[in-house]
Amino acid sequence: GELNLPQICVAGDQTAGKSALLTCLTGIPVPVKSGICTKAPIVVECRHSATLQAANYEIQDPVTKVYRSVDASTLPLEIDNVQKAAMEKLLQGHTNGTERPKVSQEEIRLRVRGPEQTDIVVVDLPGMINAGDGKEVTRDLIRRYIKEKQTLILLVSEAKQDAELTGAIDLAKEFDPYLSRTLRVLTK
């Protein structure tokens, strides 16, 4: 049977450094820039493979669900392209008078196999929007991923930000009241 891999969800405010931290921890190059960089959940399934000399990267086509190999150097651009297509599709369905979507619920799925990988699933979530359009959508999206009891929550916030002002801590406490499966990482 298929064994569910342990999962780590990376959550926090926009521009806190979540994607940069993910790249540092896993060695997997994901898009890193200011503003809303991660516009959809990026689910990375990592598998150890002693038979490979180097990491093998694959990205799933969101329409056909088929994985195709990509080079590590182009992976951030490939992820960006899938995000842009998901956002364009979402905006086409947008009607005037409703909240303008800023993030997509559609997962971007990657598989990485190699000698340096650990068997784990890492999810890079869009940053929390704290005011205006997208506030509740991003919170609901984060809730969906962190609710499972076997999920570890990696809360990323800027070191200068007080814990009381970090909305992601309150979200984590909804599902992990004692923060026993939550780790706060301070960046910048």
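Is Cys46 buried or exposed? Cys46 counts as buried, because its relative accessibility is 1%. Buried here means under 20% relative accessible area, exposed means over 50%, and partly exposed is in between, with a 1.4 Å probe and protein chains only.

Some ground rules. This is a predicted model: local features need pLDDT of at least 70, side-chain atom pairs count only at pLDDT 80 or more, and totals for chains, interfaces and linings use all residues. Residues are numbered from 1 along each chain as its sequence is written, and side-chain values use heavy atoms, with hydrogens and water left out.

One more term before the tour. Helices (H or I, at least four residues) and strands (E, at least two) are DSSP runs, numbered from the N terminus.

Let's take helix α2, residues 75-92. The expected span is 1.5 Å times one less than the number of residues.

Which residues of α2 are buried? They are Leu75, Glu78, Ile79, Asp80, Val82, Gln83, Ala86 and Met87. These buried residues pack against β2, β3, β4 (67-70) and β5.

Now the strands around β2. Strands pair if DSSP finds at least two bridges between them. β2 and β5 run parallel, joined by seven bridges. β2 and β6 run antiparallel, joined by five bridges. Look at Ile42. Ile42 stands opposite Ile108 in β5, and opposite Asp124 in β6.

On to the cores. A nonpolar core is a set of buried Ala, Val, Leu, Ile, Met, Phe, Trp, Tyr and Cys residues joined through side-chain atoms within 4.5 Å. How many residues has the largest nonpolar core? It has 24. Those with the most contacts inside it are Ile28, Val44, Ile59, Leu75, Ile79, Ile108 and Leu110. Elements giving two or more residues to this core are α1 (18-26), β2 (42-48), β3 (56-60), α2, β5 (108-114), β6 (120-124) and β7. A second, separate core has 17 residues, including Cys9, Val43, Ala168 and Ala172.

Contact means heavy atoms within 4.5 Å. Leaving aside neighbours within four places in sequence, Leu75 is in contact with Ile28, Pro29, Tyr57, Val70 and Leu110.

Next, helix α3. Its 12 residues should span 16 Å at 1.5 Å a residue; its end C-alpha atoms are 17 Å apart, which agrees. The buried residues of α3 are Thr138, Arg139, Leu141, Ile142, Tyr145 and Ile146. Seen down the axis of α3, they fall within an arc of 160 degrees, so they line one face of the helix. That arc is of the directions from the helix axis to the C-beta atoms. Here is the background: an α-helix has 3.6 residues a turn, so residues three or four places apart point the same way. What covers the buried residues of α3 includes β1, β2, β6, β7 and α4.

That brings us to α4, residues 167-175. Its buried residues are Gly167, Ala168, Ile169, Leu171 and Ala172. Their cover includes β1 (7-12), α3 (135-146), β7 (151-158) and β8 (182-187).

Stay with β7. Ile8 stands opposite Leu152 in β7. β7 and β8 also pair in the parallel sense, over six bridges. There, Ser157 has Leu186 of β8 as its bridge partner.

Thr187 is in strand β8 too. At 13% relative accessibility, Thr187 counts as buried. Beyond its neighbours within four places in sequence, Thr187 is in contact with Ala16, Val156, Ser157, Glu158 and Ala159.

Last, two loop residues. Lys65 is in the loop between β3 and β4. Phi of Lys65 is near 65 degrees, a positive value in a residue other than glycine. Lys65 counts as partly exposed, at 48% relative accessibility. Leu179 lies in the loop between α4 and β8. Its phi is near 55 degrees, again positive in a residue other than glycine. At 30% relative accessibility, Leu179 counts as partly exposed.
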